[in-house]
Amino acid sequence: MFLSSRGKIWAVAVVLLVLAAVMPFASSYIVLLVTQALILAILAMSLDILLGFTGLPSLGQAAYLGMGAYLTAILATRYDFGLGWSFWVVVVLGILIGAATAALFGLFAIRAAGVSFLMITLALGMCVWGLSYRWNSMTGGDNGINIPGRPVFGIDLAGGVTYFYLVLGFFVMSLVMLYILVKSPFGRSLVGIRERELRMRILGYNTWLHKYVAFIIAGGFGGLAGVLWAHLNGIVSPQIVVLATSVDALLMVVLGGPGTLVGGALGAGVVVFLRDYLSTVVPWWQYLLGGVYVLTILYLPGGLMGIPARIRRWRAQQAGPQREKKL
Amino acid sequence: MDTRFWLIQAFNGISYGALLFLLASGLTLIFGVMRIVNLSHGAYFLLGGYVALSVIAATGSWVLAIPVAALVVAVIGLVMERVFLRRLGFEPLRQVLLTVGFAYLFQQAALDIWGGDSKDIIPPDLLRGSTVVGGLHLPMYRIFMIATAVVVGAILWLLMEKTRAGAMIRAAVDDSEMARGVGIDTSRVSMFIFALGAFLAGLGGVVGGGFLGVYPGLDFEILPIAFAVVIIGGMGSLTGAAVGSLIVGLADNFGKALFPEVSYFTLYAPMVLILALKPTGLFGRE
């Protein structure tokens with residue numbers, strides 16, 4: 001239960017390997033859900049860089065998902081681009097458009113802090129939603145855009161399991177890259193900013209620039225998630241850019257445990273299970289989703305990943321008095 | 001596009017703004033006094049509409065439905081504040097997620113109780129016709145919305161500026177620590193403000209129900225627009241909420257009429273600019 005950091009890496013690797021081994025035998029519906037959870041996990045991890053490591057609670061992370069997804073859909077339907085080997089170009093473009101959008105949005109948002117940051121990211125997210133909903137000639141408005149099919153390059157991604165492996169690959173790549181990022185001196189200084197921005201500024205760090213770069217990186221990974229999302233569902237509509245998607249992403253991070261990366265992935269799994277699986281089984285699923293929100297906030301401040309530490313603390317408290325007796 | 005077009009659009013924008021004022025005045029008070037980003041506020045609006053439908057179904061009285069719905073929603077808000085939000089203290093992110101959780105719970109409850117169909121609140125005959133002013137046909141209901149907003153705005157202004165309770169609230173907005181220092185029970189002020197905010201949202205829901213309808217999803221549709229009003233006007237300022245409502249109401253109407261493809265963008269982009277350039281909004285205090 002209580003693992004060293006090396007042990008944790010092994011645990012994550014084992015879980016992913018088991019997932020990869022089991023999927024070919026799972027029903028196509030389960031494969032779809034797991035793939036969806038992995039894509040949202042990338043989005044949640046990108047948000048964790050902001051929320052968990054830098055202390056910036058963005059209420060508009062869905063915007064980058066939307067930018068990546070709409071770019072993919074528009075290129076595929078209008079220019080017939082990205083459905084062969086050019087898919088890899090679209091992946092790069094999707095990351096770039098997410099990063100570029102974040103670079104623009106960051107100019108407005110990074111100046112703000114606390115409640116203002118929440119509000120400004122909400123407003124920026126709503127700008128993207130407004131365009132996707134209303135800019136009919138470009139986005140297809142409320143109906144969205146249907147993508148003709150998944151890319152084929154040597155392998156055909158049409159199969160659910162094949163696409164799952166592709167997404168799993170991107171997920172692992174994202175996890176490794178973000179892990180290296182947060183362990184790097186840059187990542188350490190982000191944590192320093194989260195803990196005490198003023199001290200970091202006194203130490204000579206350009207904290208604005210650090211936050212700005214983190215914001216752009218998070219946007220890039222959000223864009224990547226968007227590209228993968230577009231091809232998973234074959235349709236891109238304003239539904240993915242709504243406020244609820246951004247709020248859900250925040251919940252994933254807070255539920256899993258902010259500042260842990262894999263916590264966001266865990267949270268994504270729980271939210272997808274509630275929203276996309278349970279909603280097909282019971283009509284009252286939203287009580288559970290709402291309940292998870294409320295209970296997480298009231299009783300799980302460190303998220304699911306914080307549970308072992310809490311148990312440890314609790315045990316130490318229990319053991320404490322006895323040890324004193326022995327002495 | 002003659003004068004008539006502009007006049008009609010302006011009238012429509014002002015009447016929509018009047019509805020927004022009912023929703024945003026409560027939100028801005030909650031925001032200003034308690035610094036709570038209340039994402040349940042749209043759900044209060046929706047619940048107000050649904051409760052009114054039930055009251056009308058039971059008693060047949062639309063006039064009775066307005067106060068009853070607003071009071072029921074006020075009680076819901078009061079309980080939420082006392083039992084849950086109080087415990088959190090000042091943590092914006094956790095407040096946001098908690099209020100979203102409640103918004104989802106309310107959504108599901110509304111679906112279970114009132115079903116998923118879109119419904120309309122039918123106002124009395126008097127408000128269903130239209131009147132001719134200077135050659136323009138103006139729907140009575142829109143005039144009623146404007147009148148309601150004016151009356152509510154006047155009452156709120158009197159409450160805030162002329163009463164002892166109002167002075168305490170203003171003190172809590174400006175500097176809650178100082179207010180506590182001079183013996184103001186800010187906890188009770190918060191409770192009162194939250195209940196008042198919910199009351200206004202419920203009232204807005206009833207009035208809005210005769211105009212927008214009452215349907216699942218309305219809560220999260222109207223919520224960001226209310227936030228745009230609050231941000232543009234300035235958190236905690238009633239004057240700001242009034243001016244912000246007019247600006248957003250007009251921007252929404254003219255945006256949809258003139259530049260339909262970017263109409264929502266024209267609503268949220270000003271919100272971004274104001275937050276970036278003057279975070280206190282047009283009328284908010286430092």
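## A buried alanine in chain B

B:A226 is buried, since 28 other C-beta atoms lie within 10 Å of its own. Keep in mind that this is a predicted model.

**Around B:A226**

- You will find B:A226 in helix 9 of chain B, which covers residues 218–233.
- Leaving aside residues up to four places away in sequence, B:A226 touches B:L20, B:L23, B:A24, B:L27 and B:H41.
- For a sense of distance, take B:A226 and B:G181: they are 45 residues apart in sequence, and their C-alpha atoms are 33 Å apart in space.

**A helix pair in chain B**

- Two packed helices are described by the angle between their axes and the distance between the axes.
- In chain B, the axes of helix 3 (residues 62–88) and helix 4 (residues 92–114) come within 9 Å and cross at roughly 150 degrees.
- An angle over 145 degrees counts as roughly antiparallel, so helix 3 of chain B and helix 4 of chain B are roughly antiparallel to each other.
- Helix 3 of chain B passes helix 4 of chain B in a right-handed crossing.
- On the helix 3 side of chain B, the contact is made by B:M80, B:F84, B:L85 and B:L88, while helix 4 of chain B brings B:R94, B:Q95, B:L98 and B:F102.
- Sorted by class, the residues of this contact between helix 3 of chain B and helix 4 of chain B are six nonpolar, one polar and one charged.

**Two helix pairs in chain A**

- Helix 12 of chain A and helix 13 of chain A pack at an angle of about 160 degrees, and their axes are 9 Å apart.
- Helix 12 of chain A and helix 13 of chain A are therefore roughly antiparallel to each other.
- The crossing of helix 12 of chain A with helix 13 of chain A is right-handed.
- Here A:L274, A:R275, A:L278 and A:S279 from helix 12 of chain A meet A:W285, A:L288, A:L289 and A:V292 from helix 13 of chain A.
- The contact of helix 12 of chain A with helix 13 of chain A has six nonpolar residues, one polar residue and one charged residue.
- Now look at helix 3 (residues 62–78) of chain A and helix 5 of chain A, whose axes come within 8 Å and cross at roughly 30 degrees.
- That angle makes helix 3 of chain A roughly parallel to helix 5 of chain A.
- Helix 3 of chain A and helix 5 of chain A cross in a left-handed way.
- Helix 3 of chain A takes part through A:A62, A:A63, A:G66, A:M67 and A:Y70, and helix 5 of chain A through A:L124, A:G125, A:V128 and A:S132.
- The contact of helix 3 of chain A with helix 5 of chain A holds six nonpolar, three polar and no charged residues.

- Helix 7 (residues 160–183) of chain A has 24 residues and reaches 34 Å from its first C-alpha to its last, close to the 34 Å expected at 1.5 Å a residue.
- The buried residues of helix 7 of chain A are A:Y163, A:F164, A:V167, A:F171, A:S174 and A:L178.
- These buried residues of helix 7 of chain A pack against helix 2 (28–54) and helix 10 (207–233) of chain A.
- Helix 10 of chain A has 27 residues and spans 39 Å from its first C-alpha to its last, close to the 39 Å expected at 1.5 Å a residue.
- Of the 27 residues in helix 10 of chain A, 19 are buried, so this helix is largely enclosed by the rest of the structure.
- After helix 10 of chain A comes A:G234, with a positive phi near 75 degrees.
- A:L261 lies in the loop between helix 11 and helix 12 (262–281) of chain A.
- The phi of A:L261 is near 60 degrees, a positive value in a residue other than glycine.
- A:L261 is buried, with 26 other C-beta atoms within 10 Å.

**Where the two chains meet**

- The contact takes 36 residues from chain A and 34 residues from chain B.
- On the chain A side, helix 5 (115–134), helix 6 (136–139), helix 11 (243–256) and helix 13 (285–299) each supply at least two residues.
- Helix 5 of chain A gives the most to this side, with 14 residues.
- The side of chain A that touches chain B divides into 27 nonpolar, seven polar and two charged residues.

Key:
Residues numbered from 1 in each chain as written. Chains lettered and ligands numbered in written order. Predicted model: local features only at pLDDT ≥ 70, side-chain atom pairs only at ≥ 80, totals over all residues. Axes fitted to C-alpha atoms, helices over the stretch in contact; angles between N-to-C directions. Helix = DSSP H or I, 4+ residues; strand = E, 2+ residues; numbered from the N terminus. Parallel < 35°, antiparallel > 145°, perpendicular 65-115°, else oblique. Left-handed = near helix turned anticlockwise from the far one by under 90°. Contact = placed C-beta atoms within 7 Å. Nonpolar A, V, L, I, M, F, W, Y, C, P; charged D, E, K, R; others polar. Expected span 1.5 Å × (residues − 1). Buried ≥ 20, exposed ≤ 12 C-beta atoms within 10 Å, placed from the backbone.
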